[in-house]
Amino acid sequence: MEFPRELLTHLQAAEKVVVFTGAGASAESGIPTFRDALTGLWENFDPMALATPQAFDENPPFVWGWYEWRRALVANCEPNPAHYAIAEMQNYLSSLVVVTQNVDDLHERAGAKDIVRLHGSMHHPYCRDCHLPYTLGPVTRGGGEEVPPPQCPQCQGLVRPGVVWFGESLPSDAWERALEEAAQCDVLLSVGTSSVVYPAADIPRLAKEQGACLVQVNPDETGLEPFLDFSLQGPAGEILPALVEAAYEPA
Ligand code: BJW
Ligand code: ZN
């Protein structure tokens, strides 16, 4: 795979790189993106409509069952070459920060060390009422059925997924860190995101405005093209390993 010489030079000279990831980074692990249709119990639902506090309030077992199904799926998936290539880049840079919108744990499992989670984690639920964190056991009912959420041991409230739904604020520490890293990075790689969900979608543009070289890895176009320095069109699991090799391990 050939890459523009100027892009490789940017990567080789970079001290700080931010890799901004979305659902497409996990697609080659077998995890559907938000643009993919749902199956089973949820097949007539838009994932965007299920990812709301209103959907959970209206039917907790329906929404909790969806997250348990996804947790089971993730437990049975492995990081893909895109996750491993991102982790490998750490070896060649003084700072590599993964700013992710994903709620799976595949970046961690591939060995990434510095991860900023803008939309929370499916593995860290908490009480809807008193916000006490709740420790999940292994998933036992992830077959695609409705599952009543556990009850909070402190207040008997319902336990909810530890993710950020539409209309909810992003965790302020994660958001502030993402802004800081975007402002300081030399290169920002935007990988596998449709760039339509705000405020996360502002991160690549803010990095570009503050002087970073902006690169997108995606098989499709997104709204980000006018701001890009380089567009690498294709699956992240093919492009990123080849890019890391070309930039840092040339023959
Ligand atoms: C590949 C690939 C391969 C495939 N390799 N690539 C109007 C304007 C601006 C903002 C708003 C607005 N109206 C409403 C808002 C606010 C709203 C918003 O942005 N809505 C938009 C839809 C317009 N945002 C919010 O509500 C946020 N909070 C907020 O703004 O707080 C302030 C506020 C408070 C009160 C009232 C109003 C505002 C919160 C957003 C939370 C998003 N949460 C979710 C669910 C998380 C939990 C879960 O996982 O269930 O986060 S929604 C979903 O979208 C998830 C994702 O992280 C996020 C982004 O999606 P992503 O990752 O980009 O995935 P896809 O599927 O969209 O795209 C996949 C891409 O991969 C595609 O491009 C493919 O081509 C590509 N691809 N294979 C590389 N192999
Ligand atoms: Zn509680």
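C152 has a relative accessibility of 1% and therefore counts as buried (buried is under 20% relative accessible area, exposed over 50%, partly exposed in between, with a 1.4 Å probe and protein chains only). C155 is partly exposed, at 34%. Both residues are donors to the zinc ion (ligand 2). This is a predicted model: local features need pLDDT of at least 70, side-chain atom pairs count only at pLDDT 80 or more, and totals for chains, interfaces and linings use all residues. Residues are numbered from 1 along each chain as its sequence is written, chains are lettered from A and ligands numbered from 1 in the order in which they are written, and side-chain values use heavy atoms, without hydrogens and water.

**Zinc site**

- The zinc ion (ligand 2) is held by the SG atoms of C127, C130, C152 and C155, at 2.2 to 2.4 Å.
- Donors are N, O and S atoms within 2.8 Å of the metal (3.2 Å for Na, K and Ca); water is not among the atoms, so sites may look incomplete.
- The spacing of the donor residues in sequence is C-x2-C-x21-C-x2-C.
- Angles between the four donor atoms run from 100 to 118 degrees, so the arrangement is tetrahedral (four donors qualify if all angles lie between 85 and 135 degrees).

**Sheet**

- Six strands make an open, parallel sheet in the order β3-β2-β1-β6-β7-β8.
- Helices (H or I, at least four residues) and strands (E, at least two) are DSSP runs, numbered from the N terminus; two strands pair if DSSP finds at least two bridges between them.
- β3 (115-117) and β8 (230-232) are the edge strands; each has a single partner strand, so one side of each lacks a neighbour in the sheet.
- From one strand to the next, the twist averages 20 degrees.
- Helix α9 (residues 202-209) lies across β1 (16-21), β6 (187-191) and β7 (213-217), at about 160 degrees to β6.
- Axes are lines fitted to C-alpha atoms, for helices over the stretch in contact (heavy atoms within 4.5 Å), and angles run from 0 to 180 degrees between N-to-C directions.

**Strand β2**

- β2 (residues 95-100) pairs with β3 in the parallel sense over three bridges.
- V98 faces I115 of β3, and T100 stands opposite R117 of β3.
- Six bridges join β2 to β1, also parallel; V97 is the bridge partner of V18.
- Six of the six residues of β2 are buried.
- S95, V97 and V99 cover one side, L96, V98 and T100 the other, and all are buried.
- In a regular strand, side chains alternate between the two faces of the sheet.

**Aromatic pairs**

- The whole structure holds seven aromatic pairs.
- Rings of Phe, Tyr and Trp (its six-membered ring) pair if their centres lie within 6.5 Å; planes under 30 degrees apart count as stacked, over 60 as edge-to-face and the rest as tilted.
- W42 and F62 form a tilted pair, 6.4 Å centre to centre with 55 degrees between the planes.
- W42 sits in the loop between α2 (24-27) and α3 (47-50) and F62 in helix α5 (residues 60-75), so the pair ties together parts 20 residues apart in sequence.
- W42 and F62 are both buried.
- Y67 and W165 have ring centres 6.2 Å apart and planes at 55 degrees, so this pair is tilted.
- Y67 belongs to helix α5 and W165 to the loop between β5 (159-160) and α8 (172-184), so the pair ties together parts 98 residues apart in sequence.
- Y67 and W165 are both buried.
- W42, F45, F62 and W69 are linked into a cluster by ring pairs.

Notes: Tetrahedral: all angles 85-135°; square planar, octahedral: opposite > 155°, others 65-115°.
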